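My plan is to look things up one by one and write down what I find.

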Amino acid sequence: MNWYEKLSEYFPIEEMKSKAHMEALLKEQSDVYHKEEGQYHVLMYAEFDSFIFIDYLFVSKKSRGQGLGSKLIGRLKKKNKPILLEVEPVDEDDTDTQKRLRFYQREHFKHAQSIGYRRRSLATNEVNKMEILYWSPKTESEEEMFEAMKQTYENIHTYKDEKWYG
C-alpha cells in the first residue's frame, strides 16, 4: 500500500487533500513541504522559518503504542520551532478521535482556545470544524499561532486548489 492509500484509509475524506495536490506540494514546494514514510508510518509536514505544521501523521495499528509517533514528533521538536496541527473535535462515537487527542496531550500539545477554525473540505465542499493544537519550545501567543495557521492555509491548504478542486 502506498503512502496516499495509507492516509486515505485512515483519515476521513473531508480531511484529505487530493493525491495530485499533495504531489504538487512535494514537488513544487519541496523547500517547505515534506514527506517521511516507513513501513508503519507516514508523516506529511510543512516547515516554515518560524514554525512547523503537521499536515498528516499516520501510524499503523500494528505499531501503535510502541513509541513511533512520539519518536516522529520528537524529531520535529528538536528543530526548536512551534509545531501546529489540526484535529477534529472529539466524537464520543469515534474512539480514534479520543485516542488522537490523548496522544497529542501526552506530547504536551495545547489547544489554541482563542482560535475558532472551520475549513471547507476540498473533497466534499462541506464545512468542518477543526481544533488547533500546538506545542512550543517557548511561550508563544495564540495570536502568533493564528498567524501561522493563516500562512499554512494560504501556502499549503489552498495551494493551486482551483486546479484540483474547481
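I start with a definition: helices (H or I, at least four residues) and strands (E, at least two) are DSSP runs, numbered from the N terminus. The model is predicted, so I note that local features need pLDDT of at least 70, side-chain atom pairs count only at pLDDT 80 or more, and totals for chains, interfaces and linings use all residues. Residues are numbered from 1 along each chain as its sequence is written, and side-chain values use heavy atoms, with hydrogens and water left out.

**Entry 1: Val127**

I looked up Val127 and found it in strand 7. Is Val127 buried or exposed, or partly exposed? I wrote down the cut-offs: buried means under 20% relative accessible area, exposed over 50%, and partly exposed in between (1.4 Å probe, protein chains only). Val127 has 47% relative accessibility, so it counts as partly exposed.

Next I listed contacts, meaning heavy atoms within 4.5 Å. Leaving aside neighbours within four places in sequence, Val127 touches Arg118, Arg119 and Arg120. I also checked Glu14. It is 113 residues from Val127 in sequence, yet the C-alpha atoms are 8.7 Å apart in space.

**Entry 2: the nonpolar cores**

I then looked for nonpolar cores. Such a core is a set of buried Ala, Val, Leu, Ile, Met, Phe, Trp, Tyr and Cys residues joined through side-chain atoms within 4.5 Å. In soluble globular proteins, nonpolar side chains tend to be buried together.

The largest core here has 30 residues. Leu7, Met22, Tyr33, Met44, Tyr56 and Leu84 have the most contacts inside it. Two or more residues each come from helix 1 (3-10), helix 2 (19-28), strand 2 (41-47), strand 3 (52-59), strand 7 (127-135) and helix 5 (142-157). Which element gives the most? Helix 5 does, with four residues. Apart from this core lies another, of 18 residues, including Ile54, Leu72, Ile73 and Phe103.

Leu84 sits in strand 4. Its relative accessible area is 0%, so Leu84 is buried. With neighbours within four places in sequence set aside, the contacts of Leu84 include Phe53, Ile54, Leu133, Met145 and Ala148. Ala148 is 64 residues from Leu84 in sequence and 8.2 Å away in space, C-alpha to C-alpha.

Two packed helices are described by the angle between their axes and the distance between the axes. Axes are lines fitted to C-alpha atoms, for helices over the stretch in contact, and angles run from 0 to 180 degrees between N-to-C directions.

The axes of helix 1 and helix 2 come within 11 Å and cross at roughly 130°. The two helices are therefore oblique to each other (under 35 degrees is roughly parallel, over 145 roughly antiparallel, 65 to 115 roughly perpendicular, the rest oblique). Trp3, Tyr4 and Leu7 of helix 1 meet Lys19, Met22, Glu23 and Leu26 of helix 2.

**Entry 3: two positive phi values**

Where is Asn80 placed? I found Asn80 in the loop between helix 3 (68-77) and strand 4 (83-87). Its phi is near 60°, a positive value in a residue other than glycine. Asn80 is exposed, with a relative accessible area of 56%.

His108 lies in the loop between helix 4 (95-106) and strand 5 (110-111). Phi of His108 is near 70°, again positive in a residue other than glycine. His108 is exposed, at 57% relative accessible area.
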